Amino acid sequence: MKTVWQYIKNNYFAILMIVLIFIVQAFVYWFTKVINGPMLKFDLSIPGIDENIPFINWFIIVYIGCYPWWYLGLLASLKYNRPNFYKAIVVSLISYVIAGLFFVFLPTEIERPVIENTNILNWLTNFIYSTDIPTNLFPSMHCFISWNVYVSVRRDKAIPLYIRIPYLIMAILVCMSTVFIKQHYFVDIFAGIILCEIVNFIVSKTKLHLRLMKKEVK
């Protein structure tokens with residue numbers, strides 16, 4: 001326990017940033033649902049693709065399990081490369097704002113299948129369905145957050161391959177889960193990844209994350 005408190009003390013500002021992105025994510029996602037609630041929603045399904053993607057219930061484990069990974073996963077970049085950690089934080093914050101604008105000006109909705117509660121996986125899926133109305137799809141927040149966590153370790157050779165490869169696998173599985181449990185359209189996956197890559201490129205070029213990192217030093 002003493003070691004845990006010491007870690008928190010040594011990294012309190014970084015941990016506050018992780019808490020901040022959680023708060024911003026939740027605020028943007030749910031507040032925009034209030035704004036676009038009465039708006040006409042768009043169907044971004046691709047004929048011949050989305051309708052042929054099957055429902056696979058075990059992907060609900062990945063879909064739910066990625067939540068702690070989003071935040072705990074950033075601790076790897078915090079340990080090995082603090083600039084990459086702060087870049088991931090800045091990319092997250094900017095991406096949330098951009099995603100929120102899409103949610104308001106391009107509101108989308110998906111028609112979910114009727115799933116019978118014949119097993120625990122189906123029950124978990126219906127639980128997610130009941131707590132989250134099927135809107136705010138484009139871009140997929142699940143996808144751009146997961147991809148951003150992977151990007152935070154992607155090119156850092158100081159981080160062992162046994163960490164980087166599972167991060168990539170997890171990001172891919174999360175993206176797959178969004179369509180296999182019918183929470184997103186196929187196009188939402190690529191919108192999330194592209195958003196992450198574009199914002200990462202901009203932040204890398206402008207060095208915005210280094211300005212945030214200086215606040216930790218202070």
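In this predicted model, the axes of helix H2 (residues 12-36) and helix H5 (residues 82-105) come within 9 Å of each other and cross at roughly 10°. Because angles under 35 degrees count as roughly parallel, H2 is described as roughly parallel to H5. Local features are given only where pLDDT is at least 70 and side-chain atom pairs only at pLDDT 80 or more, whereas totals for chains, interfaces and linings use all residues. Residues are numbered from 1 along each chain as its sequence is written, and side-chain values use heavy atoms, with hydrogens and water left out.

**The H2 and H5 pair**
- The axes here are lines fitted to C-alpha atoms, for helices over the stretch in contact, and the angles run from 0 to 180 degrees between N-to-C directions.
- The residues of the contact between H2 and H5 divide into 17 nonpolar, five polar and one charged, where Asp, Glu, Lys and Arg count as charged, Ala, Val, Leu, Ile, Met, Phe, Trp, Tyr, Cys and Pro as nonpolar, and the others, Gly among them, as polar.

**The chain as a whole**
- The protein chain has ten helices and zero strands, helices being DSSP runs of H or I with at least four residues and strands runs of E with at least two.
- The radius of gyration, taken over C-alpha atoms, is 18 Å, close to the 17 Å that the globule rule gives for 218 residues, so the protein chain is as compact as a globular protein of that length; the rule itself is 2.2 Å times the number of residues to the power 0.38.
- Along its principal axes, the C-alpha trace spans about 50 × 35 × 30 Å.
- Of the 218 residues, 50% count as buried, a term that means under 20% relative accessible area with a 1.4 Å probe and protein chains only.
- Among contacts (heavy atoms within 4.5 Å) between residues at least 6 apart in sequence, 86% join residues at least 24 apart.

**Two buried residues**
- Ser77, which lies in helix H4 (residues 74-80), counts as buried because its relative accessibility is 0%.
- Leaving aside neighbours within four places in sequence, Ser77 is in contact with Arg82, Asn84, Phe85, Ser152, Val153 and Ile159.
- The C-alpha atoms of Ser77 and Ala158 are separated by 9.7 Å, although these residues are 81 residues apart along the chain.
- Asn126, in helix H6 (residues 120-131), is buried, with a relative accessible area of 19%.
- Once neighbours within four places in sequence are left aside, Asn126 is in contact with Ile115, Glu116 and Asn117.

Methods: Angles under 35 degrees count as roughly parallel, over 145 as roughly antiparallel, 65 to 115 as roughly perpendicular and the rest as oblique.
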